[in-house]
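Here is a friendly briefing to read alongside the model. Take a look at the sequence and the fold, then follow the topics below.

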Amino acid sequence: MTSLERFLRLRSHDMVRLAAATPKGSVGDVAANADQILMLARRAADQTADLVLFPELSLSSYAIDDLHLQDALLQRVEQEIGRIVGESEALPAMVIGAPVRRGGQIYNCALMIAGGKLLGVVPKSFLPNYREYYEKRWFAPGAGIIGQEIDVAGACVPFGTDLLFVAQGLRDFIVHVEICEDYWAPLPPSTMGALAGALVLCNLSASNITIGKARDRELLSASQSARCIAAYAYSAAGAGESTTDLAWDGQAMVHEMGELIAQSTRFDDTPELLYADVDLQRLRLERMRNGTFNDSRMAASHPDQRFRRIGFPLNAYDEDRGLHRALRRFPFVPADPLQLDADCYEAFNIQVEGLVTRYRATAGRHLVIGISGGLDSTHALIVAAKACDRMGLPRSTILGYTMPGFATSERTKDNAWSLMRALGITAEEIDIRPAAKQILADMQHPFAHGEPVYDVTFENVQAGLRTDYLFRLANHHGGFVVGTGDLSELALGWCTYGVGDQMSHYAVNSGIPKTLIQFLIRWSIATNQFDEAAAVILDDILNTEISPELVPAEAQGGMQSTEDRVGPYALNDFFLHHIVREGLPPSKVAFLAWHAWRDKRKGSWPPAYPEAAKVSYDLATIRHWLDNFLYRFFTISQFKRSAMPNGPKISAAGALSPRGDWRAPSDGNARVWLDELADALGPAPNRST
């Protein structure tokens, strides 16, 4: 197997494919139900599924009432279990539902079958016996049954609610099973299963449909997966069940840490298989970070010591299996319009609230901001304007300064002035070129002697002067400096340390990544936060190329482009989220980025995203910029973050404050991460720094 083939394998990245089945049911035709189970299991094998989940009582049918007490039916169930087990050797592991006899009682059970064997039987803990449900008429409750065995179809296997199924050769693939009503209970059995180590929680359900019930199921699945830091797979009975008094919709879904990964079609006559690729590594790493999860394990007296672990074999799939998982191209920006609107509302108001509180806590009379006509300073300015509105202060409280340098374009300078006028702030201009020339001359820089040398010193003299002016202006006018630098720049170290844009009195944008800033400005336009004149200017700023404007255009052959130097912010923000928030190894991040970005025609884009800006990135490009990100983030930038000013955390995906989400040594290095990426994809190309 080549390194690329290994890279493309799901299991190389600790991911597994779940299939949730909604078979065509019957009214007690056990053989027909078994045929459906085997047919769907074979189809799932063709799609390289690792585990197939079927609905509750999928072998006998659910809505057959007293027929559950007929021995002829129960005997046929056992025969068909034997047939399914006998034909399962080349099929994925599967969890099916069936009524099972034991000790003169019948239990509503989940059966784990894999590799030609019945491996264990889990009884339903909680039996609904209210409203339309009468399960206690037929079944015995499984709650409290542990450490037992059961004879089924000629096999003696573990029986109880204390079973975990662990994949052989994939240590994180640990499965717990519960049945329908169990997750409607105040303390679902899967909670203890998760605390015992299960990362995949399965629910076999019948669950008749009533108005609004699908939303309730989704809420329960999402919340259980979030609380348990797990994947939660759910499959409910559909077409074919008796509709004497009830109806069925066949809802199937998979959630991961509260996020919907995949969902089925409902009210469909045809059998369906829902596929979802679950990230076990992500779940394991999140549990490692979450102290409350581990405290809960201790508070529950270590349930891992009470569960029995049963191994199950996995089929060998070595080929590229694709990816059945919706991936956000922009992890900080939802593609759903309603969620995006809600996120932008919250992000904007978090920033406003932070700035209002900080202003009130100071003795200052003004907010001092440098306005460049670029994205970051524009966003900081509109946040400051809204903060003044909220406090009942005139916007003239804001002192805005545009400070043109050697490479400032007329477009950005005009936009800076136009925006300041449209918002009604106090606006002034300070040309930093005379002071910059004096500094460069004093230090005998070649530029002062007419040589076209545009090095980092040339750039930082300008960046530093702007910040120096702002701090002294704040002293002079009795105010404080509002920082404009964003989260993406902090991650990349794309800011001038100390007397530069790394420093301010309050870094209002420090929790906002570059990709989200663009949508926040779009949101402020769409929701009429400001008047039409301001909206027109904001739109033009959105369409301006991102540039520090420190090197003259003629020296570059065009405007100085930030993204040419540090890489596309869309990719950098993707890397930032998956490496910093989730702790994934670089090879896994490259794998996810390739699936998210390799084809611009596939997958969803955030609403109102410009068509011309939709691009694709191949693996070589992703790898190049990921290598660059790792070097910049781990080797050369932490000292800037270790000394960053205060600023509000915005996204649950994290921030980089040393007082908050991210704490790291300033003198660290990227070798571990670069080596891991090289091991997966070969030696690194030359890096841009």
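The side chains of Tyr234 and Arg217 are joined by a polar contact of 3.4 Å; such a contact is a pair of N or O atoms within 3.5 Å, where within protein one must be able to donate a hydrogen and the other to accept it, and residues adjacent in sequence count only if both atoms are side-chain atoms. This is a predicted model, in which local features need pLDDT of at least 70 and side-chain atom pairs count only at pLDDT 80 or more, while totals for chains, interfaces and linings use all residues. Residues are numbered from 1 along each chain as its sequence is written, and side-chain values use heavy atoms, with hydrogens and water left out.

**Around Tyr234**

- Tyr234 sits in strand β11, residues 231-236; helices (H or I, at least four residues) and strands (E, at least two) are DSSP runs, numbered from the N terminus.
- With a relative accessible area of 0%, Tyr234 is buried (buried is under 20%, exposed over 50%, and partly exposed in between, using a 1.4 Å probe and protein chains only).
- Beyond its neighbours within four places in sequence, Tyr234 is in contact with residues including Ala20, Leu53, Tyr183, Asn203 and Met253, contact meaning heavy atoms within 4.5 Å.
- Glu178 and Tyr234 are 56 residues apart in sequence, and their C-alpha atoms are 9.8 Å apart in space.

**The sheet and its helix**

- Seven strands form an open sheet in the order β13-β12-β11-β10-β9-β8-β15, with mixed pairing; two strands pair if DSSP finds at least two bridges between them.
- At the edges stand β13 (259-263) and β15 (308-312), each with a single partner strand, so one side of each has no neighbour in the sheet.
- From one strand to the next, the twist averages 25°, with axes fitted as lines to C-alpha atoms (for helices over the stretch in contact) and angles running from 0 to 180 degrees between N-to-C directions.
- Strand β12 (residues 252-256) runs antiparallel to β13 and is joined to it by four bridges; Val254 has Ala262 of β13 as its bridge partner.
- Helix α5 (residues 213-227) packs on the sheet and touches β10 (200-205), β11, β12 and β13, its direction making about 30° with that of β12.

**Positive phi angles**

- Most residues other than glycine have a negative phi.
- Asp65, although not a glycine, has a positive phi of about 55°; it lies in the loop between β2 (51-53) and α3 (71-86) and is partly exposed, at 44% relative accessible area.
- Ala153 is not a glycine either, yet has a positive phi of about 50°; its place is the loop between β6 (148-152) and β7 (155-159), where Ala153 is partly exposed at 33%.
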